[in-house]
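Here are a few exercises to work through with the model open. Try each task yourself before you read the solution.

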Amino acid sequence: STAGTSSARGVTTTVKFKPDRRGITVTFKNLSIAADVTYSLTYVSNGIEQGVDGAVNTALGSVSKDLIFGTCSAGVCRYDTGIVNARFTVTTMLRNGKRIIKAFRLKV
(Lines give C-alpha, C1' and ligand atoms only; values in the text may rest on other atoms or scores of the structure.)
Protein backbone atom coordinates (compact mmCIF):
# COMPACT_ATOMS: atom_id res chain seq x y z
CA SER A 1 0.00 0.00 0.00
CA THR A 2 1.10 3.54 -0.66
CA ALA A 3 1.89 5.70 2.35
CA GLY A 4 1.87 8.84 0.25
CA THR A 5 3.11 10.89 -2.66
CA SER A 6 4.35 14.47 -2.60
CA SER A 7 5.33 16.79 -5.40
CA ALA A 8 7.47 19.69 -4.17
CA ARG A 9 7.76 22.10 -7.10
CA GLY A 10 8.45 19.27 -9.51
CA VAL A 11 10.42 16.85 -7.31
CA THR A 12 8.09 13.90 -6.71
CA THR A 13 8.51 11.58 -3.73
CA THR A 14 6.49 8.36 -3.45
CA VAL A 15 6.62 6.24 -0.28
CA LYS A 16 5.33 2.64 -0.32
CA PHE A 17 5.50 -0.09 2.29
CA LYS A 18 7.41 -3.22 1.35
CA PRO A 19 5.07 -6.25 1.12
CA ASP A 20 6.16 -7.52 4.57
CA ARG A 21 5.76 -3.99 6.05
CA ARG A 22 9.28 -4.29 7.55
CA GLY A 23 10.42 -1.32 5.49
CA ILE A 24 9.59 1.20 2.82
CA THR A 25 10.56 1.84 -0.78
CA VAL A 26 10.98 5.51 -1.60
CA THR A 27 11.06 6.75 -5.18
CA PHE A 28 12.33 10.24 -6.01
CA LYS A 29 11.63 11.62 -9.50
CA ASN A 30 12.57 14.80 -11.38
CA LEU A 31 15.53 15.34 -9.04
CA SER A 32 17.52 17.37 -11.56
CA ILE A 33 15.63 20.55 -10.65
CA ALA A 34 16.88 20.34 -7.05
CA ALA A 35 20.27 21.37 -5.73
CA ASP A 36 20.12 18.94 -2.80
CA VAL A 37 17.71 16.28 -1.47
CA THR A 38 18.11 14.64 1.93
CA TYR A 39 15.84 12.28 3.86
CA SER A 40 15.26 10.94 7.33
CA LEU A 41 13.33 7.88 8.53
CA THR A 42 12.59 8.01 12.25
CA TYR A 43 10.52 5.78 14.50
CA VAL A 44 10.26 4.38 18.02
CA SER A 45 10.79 0.63 18.54
CA ASN A 46 9.92 -0.74 21.98
CA GLY A 47 10.46 2.69 23.53
CA ILE A 48 13.81 3.39 21.80
CA GLU A 49 14.19 6.04 19.09
CA GLN A 50 15.63 4.64 15.86
CA GLY A 51 16.29 6.07 12.44
CA VAL A 52 18.39 6.55 9.36
CA ASP A 53 19.42 9.65 7.40
CA GLY A 54 20.65 9.87 3.85
CA ALA A 55 21.04 11.95 0.72
CA VAL A 56 20.03 11.45 -2.88
CA ASN A 57 22.27 12.07 -5.89
CA THR A 58 20.18 14.66 -7.76
CA ALA A 59 22.26 14.18 -10.94
CA LEU A 60 20.63 10.76 -11.41
CA GLY A 61 17.22 12.32 -12.15
CA SER A 62 15.28 9.56 -10.42
CA VAL A 63 16.26 7.16 -7.64
CA SER A 64 14.58 4.42 -5.58
CA LYS A 65 15.79 3.54 -2.09
CA ASP A 66 14.80 0.63 0.15
CA LEU A 67 14.84 1.43 3.85
CA ILE A 68 14.05 -1.09 6.57
CA PHE A 69 12.86 -0.78 10.13
CA GLY A 70 16.01 -2.32 11.56
CA THR A 71 19.70 -2.78 10.81
CA CYS A 72 21.67 -4.94 8.41
CA SER A 73 25.28 -6.02 8.77
CA ALA A 74 27.21 -8.52 6.61
CA GLY A 75 23.97 -9.45 4.83
CA VAL A 76 22.08 -10.27 8.05
CA CYS A 77 19.15 -8.01 8.94
CA ARG A 78 17.64 -7.55 12.38
CA TYR A 79 14.15 -6.09 12.17
CA ASP A 80 12.76 -3.82 14.85
CA THR A 81 9.37 -4.61 16.40
CA GLY A 82 6.72 -2.65 18.25
CA ILE A 83 7.12 0.31 15.89
CA VAL A 84 5.23 3.54 16.56
CA ASN A 85 5.56 7.18 15.50
CA ALA A 86 7.17 6.28 12.17
CA ARG A 87 7.85 9.26 9.95
CA PHE A 88 9.71 9.77 6.68
CA THR A 89 10.87 13.34 6.02
CA VAL A 90 12.28 14.71 2.77
CA THR A 91 14.11 18.04 2.62
CA THR A 92 14.52 19.50 -0.87
CA MET A 93 16.77 22.48 -1.51
CA LEU A 94 15.86 24.06 -4.82
CA ARG A 95 18.42 25.78 -7.01
CA ASN A 96 16.91 29.17 -6.12
CA GLY A 97 17.72 28.53 -2.44
CA LYS A 98 14.16 27.71 -1.36
CA ARG A 99 13.88 24.80 1.08
CA ILE A 100 10.85 22.50 1.06
CA ILE A 101 10.22 19.95 3.81
CA LYS A 102 7.63 17.18 3.41
CA ALA A 103 6.84 14.66 6.12
CA PHE A 104 5.00 11.36 5.68
CA ARG A 105 3.40 9.69 8.70
CA LEU A 106 3.72 5.91 8.39
CA LYS A 107 1.29 3.55 10.10
CA VAL A 108 3.34 0.37 10.42
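Predicted model: local features only at pLDDT ≥ 70, side-chain atom pairs only at ≥ 80, totals over all residues.

**Exercise 1. The disulfide**

*Solution.* Next, find the partners: Cys72 and Cys77 form the bond, with their sulfur atoms 1.9 Å apart. That sits inside the 2.5 Å cut-off for a disulfide. Now look down the S-S bond of Cys72 and Cys77: the torsion is about 100 degrees, so the disulfide is right-handed.

Last step, the exposure. A residue counts as buried under 20% relative accessible area and as exposed over 50%. Cys72 comes out at 46%, so Cys72 is partly exposed. Cys77 has 33%, so Cys77 is partly exposed too.

**Exercise 2. Following strand S9**

Which strands does S9 join through bridges? Trace both pairings and name a residue pair in each.

*Solution.* First take the S4 side. Strand S4 (residues 34–45) and strand S9 (residues 83–94) run antiparallel and are joined by 10 bridges.

Then move to the S10 side. Here 8 bridges link S9 to strand S10 (residues 99–106), again in an antiparallel arrangement.

Finally, check the connection. S9 and S10 make a hairpin with 4 residues between them. Within that turn, Gly97 has a positive phi of about 90 degrees.

While you're clicking along the strands, keep in mind that side chains in a regular strand alternate between the two faces of the sheet.

**Exercise 3. The whole chain**

What pattern does the protein chain follow along the sequence, and does its radius of gyration agree or disagree with that of a compact globule?

*Solution.* Begin with secondary structure: the protein chain has 10 strands and 0 helices. Reading along the sequence therefore gives β-β-β-β-β-β-β-β-β-β.

Now the overall dimensions. For 108 residues, a compact globule would have a radius of gyration near 13 Å; the protein chain has 14 Å, so the two agree. Along the principal axes, the C-alpha atoms fill a box of roughly 40 × 30 × 25 Å.

Then turn to burial and surface. Of the 108 residues, 38% are buried. The protein chain exposes about 6,200 Å², and carbon and sulfur atoms supply 47% of that area.

To finish, look at the contacts with a separation of 6 or more: residues 24 or more positions apart account for 52% of them.

Technical notes. Residues numbered from 1 in each chain as written. Heavy atoms only, no water. Buried < 20%, exposed > 50% of the residue type's maximum accessible area, 1.4 Å probe, protein only. Pairing = 2+ DSSP bridges. Helix = DSSP H or I, 4+ residues; strand = E, 2+ residues; numbered from the N terminus. Rg over C-alpha atoms; globule rule 2.2 N^0.38 Å. Contact = heavy atoms within 4.5 Å. Areas by Shrake-Rupley, 256 points an atom, 1.4 Å probe, with all protein chains shown as cover.
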